[in-house]
Structures are given as C-alpha cells and as structure tokens.
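The exercises below ask you to work through a protein model step by step. Try each task with the structure open before you read its solution.

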Amino acid sequence: MPDHPALTLYVYRGSCTLAAHAVLAHTGLPYKYIILDNGPGGNSTNSRLQAADGSLSHEEFLKINPKGFVPVLAIGEGPNPEILTELPAILIYIASLAQDLNLLGANHLEHARIVEWLSWASCTIHTNGFAAFWRPGRYGDDSHPATMKDIRNRGEETIIKAFAAIEEKLEGKEWAVGDALSVVDFNLLVYWRWWSSERPDGETEAQYPNYARLAKKVKALDGVKKVYELEKLKR
C-alpha cells in the first residue's frame, strides 16, 4: 500500500463515527484513534466532547473542530494537521487511500450512487430522523413537551420511511451499490444498530430482512469485529 499521511480519528462510542472507524480498520491503513465522551455540562442538546482519558479538554477539542461534533479526521502530523469533518467526506477520503479495495465503486456511476447514498443518509436518516428522534431539543423549545413529542414523532416517521426505502433498494442485492462492498454498507450498519437498539429484540430483523442480512455481513468483516472490540460495542 502506498505511503499516506498519518491519520488520527476522533470517535464517540456508538455514534456515526463507527462507520469511519470500521472503514479504516477494514482498509488495513495504520491509524490512531481518540475516544471522546460528553464532559461536564454536556447533554443531548449541547454536547461538550472531550477525550475519555482526560488527555483533551472540550476547549482543546473545539480548537481542532470548532463545530464541536464528530467524526473528525486529523490528516498529517505536527501542530497543524489538516482537519476533515463530516462523515461522507471522511469516508470518501479514507476509501481513496485504499483504491485497490474499490470501496468507492467500480465506475463513475457507482461512485455517484455512493455519494447519493451518503448524502441521503446524512441529511435525511441521521439529521431529520435520528437527531430529531433522540435530540428534539435541537429543533424546538424543550420547555414545551408537546413540541418535543411532535418533533420526536416526525423523526420516527422519517426513520421508518427510510428503513422501508433501504429494504426495497436492497431487494435481490448483496450490497447497497453495485456488486461489491462499499463505504455505504459501513454507513448503513450505523443506522441498523441505532434503530435495533430502540425496538424489541428481533423486531427490526423481522421487518427488514434484506437490511438485516446486509448488517450481519458487514458486522462479520474482520475490521468491523476489531472495532466492535475496541469500542466495546454490542448489537
């Protein structure tokens, strides 16, 4: 594998950073990772991310990424590495460093389909779906319970519609794009984990068998199993 810059990924256990971490592990590229948690004063509406081991304060993290969210990929060493944020961008960059794996598609159309999937997942499933369902206070006045309930309900409706669309798109297919594994499949595992954790055991698998099959295949990859162990994840 050709030389590449040093990579440091900032992750939050169970978050969407799982996709980036899993792709990194799958590629076999050397990298470092720093696990973050929510520091004092942080909550579901206003995160205050800091290193779980105390090596990085929230204020120091904000200097790295003023947006205050994960994932974050630091590219290069020294005091001023390039900082890349937003999951779609990070997934595409990591995959571009391991072109022999073809995680960005086998042709131009497949590459465009991958960008299409990642954009939809980030904007619709993550932001309009799960963020609204779990963090309604980001979208309305949390002093009004009725407003919070309405936002949560809208988020749940978005998730259910998205899962139905994913299930249909995966009919008769082994992977989300083309005939091979891509970064999209790693991303879809994240949402599968999230929604499965909200539903009774076995319900999501019964409702979305195509999606369940894909999630199981991705979880069985050696790199993904390694990340599950490192981050102490279940499901």
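**Exercise 1: the loops around a hairpin**

Glu86 sits in the loop between β5 and α3, where helices (H or I, at least four residues) and strands (E, at least two) are DSSP runs numbered from the N terminus. This is a predicted model, in which local features need pLDDT of at least 70 and side-chain atom pairs count only at pLDDT 80 or more, while totals for chains, interfaces and linings use all residues. Residues are numbered from 1 along each chain as its sequence is written, and side-chain values use heavy atoms, with hydrogens and water left out.

Solution. Next, look at the connection, in which six residues lie between the two strands of the hairpin, and Gly76 in the turn has a positive phi of about 105 degrees. Finally, return to Glu86, which has a positive phi of about 75 degrees although it is not a glycine.

**Exercise 2: two domains**

Task: state how the protein is divided, and describe the interface between domain 1 and domain 2.

Solution. The division is into domain 1 (7-99) and domain 2 (103-221), with bounds that come from an automatic or database domain assignment. Their C-alpha centres are 21 Å apart. Contact, meaning heavy atoms within 4.5 Å, links 19 residues of domain 1 with 18 residues of domain 2. The two domains bury about 1600 Å² between them, 74% of it on carbon and sulfur atoms; this buried area is the accessible area (1.4 Å probe) that two parts lose on being put together, summed over both.

**Exercise 3: the largest pocket**

Task: which domains and helices give residues to the lining of the largest pocket?

Solution. Both domain 1 and domain 2 give residues to this lining, so the largest pocket lies between them. Among the helices, α3 (87-96), α4 (108-134) and α6 (183-198) each supply at least two lining residues, and the largest share, eight residues, comes from α4.

Technical notes. Pairing = 2+ DSSP bridges.
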